[in-house]
Amino acid sequence: QVQLVESGGGLVQPGGSLRLSCEVSGEIFSINVMDWYRQAPGKQRELVADITSGGRTNYADSVKGRFTISRDNAKKTVWLQMSSLKPEDTAVYYCYVNLRRVGNFRSQEYWGQGTQVTVSS
C-alpha cells in the first residue's frame with residue numbers, strides 16, 4: 001500500500017509564504033517524477049511544478065520565480081516553497097508521484113489527498 005500525506009496548507013495574506021510537503025510511504029522501489037498540481041474552484045487541475053529523480057525542475061509560467069520545488073529521495077518527500085503569494089494562487093494543491101513499487105516492474109501513479117491554500121487579506 002502506497003500513501004501520500006500532504007501538509008502545510010492554510011490561510012495566508014497576499015505577499016506571504018507557505019511551504020507544502022508530501023511524504024510518500026509504502027514498499028517503494030523507486031520514485032520517478034514528483035509533482036505539485038493545483039485546482040481552483042471552477043477550473044481544471046493544472047501542473048504547478050515538477051521535479052525528476054535527478055533534480056531537474058519545471059514550473060508553470062504563473063509561479064516561476066515565486067515557487068520552488070525540491071525533494072529528498074531518501075526521505076521520499078517533496079516540498080513546494082511558495083513565496084510572494086497572490087490571491088490567484090488560492091486552490092487545493094495536490095501532490096502527484098510516479099513510482100515503482102517493490103516487486104513491480106510497472107510504474108504507477110498516485111495522488112495525495114489535497115491541501116487547501118487560501119491567499120486573502
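Tutor: The discussion below takes up several terms in turn and sets values against definitions.

Tutor: This is a predicted model, in which local features need pLDDT of at least 70 and side-chain atom pairs count only at pLDDT 80 or more, whereas totals for chains, interfaces and linings use all residues. Residues are numbered from 1 along each chain as its sequence is written, and side-chain values use heavy atoms, with hydrogens and water left out.

Student: What makes the link of Cys-22 and Cys-95 a disulfide?

Tutor: A disulfide is a covalent bond between the sulfur atoms of two cysteines. The criterion is a pair of cysteine sulfur atoms within 2.5 Å. The sulfur atoms of Cys-22 and Cys-95 are 2.2 Å apart, so the pair meets the criterion. The structure holds 1 disulfide. Cys-22 lies in strand 3 and Cys-95 in strand 9, 73 residues apart, and the pair therefore links distant parts of the chain. Strands are DSSP runs of E with at least two residues, and helices are runs of H or I with at least four; both are numbered from the N terminus. The angle about the S-S bond is -80 degrees, and the link is left-handed.

Student: Why is Asp-89 called buried?

Tutor: Buried means under 20% relative accessible area, exposed means over 50%, and partly exposed lies in between (1.4 Å probe, protein chains only). Asp-89 has a relative accessible area of 1%, so Asp-89 is buried. Cys-22 and Cys-95 are both buried as well.

Student: Which residues are linked with Asp-89 in a network of salt bridges?

Tutor: The network links Arg-38, Glu-46, Arg-66 and Asp-89. Arg-66 lies in the loop between strand 6 (57–59) and strand 7, 23 residues apart from Asp-89. Arg-66 has 12% relative accessibility and therefore counts as buried. The structure holds 4 salt bridges. One of them joins Lys-64 and Asp-61, with closest N and O atoms 3.1 Å apart. Asp-61 has 65% relative accessibility and so counts as exposed.

Student: Which residues do ring pairs link into a cluster?

Tutor: Ring pairs link Tyr-37, Tyr-96 and Trp-111. Rings of Phe, Tyr and Trp (its six-membered ring) pair if their centres lie within 6.5 Å; planes under 30 degrees apart count as stacked, over 60 as edge-to-face and the rest as tilted. By this rule there are 3 aromatic pairs.

Student: What makes a set of residues a nonpolar core?

Tutor: The members are buried Ala, Val, Leu, Ile, Met, Phe, Trp, Tyr and Cys residues joined through side-chain atoms within 4.5 Å. The largest nonpolar core has 32 residues, and those with the most contacts inside it are Val-24, Trp-36, Leu-80, Met-82, Tyr-93 and Val-97. Strand 9 gives the most to this core, with 5 residues. Contact means heavy atoms within 4.5 Å. Beyond its neighbours within four places in sequence, Met-82 is in contact with residues including Leu-18, Leu-20, Phe-67, Tyr-93 and Val-117.

Student: Why is Lys-76 called partly exposed?

Tutor: Lys-76 counts as partly exposed because its relative accessibility is 26%. Lys-76 is in the loop between strand 7 and strand 8, and has a positive phi of about 55 degrees although it is not a glycine.

Conventions
A salt bridge is a side-chain nitrogen of Lys or Arg within 4 Å of a carboxyl oxygen of Asp or Glu.
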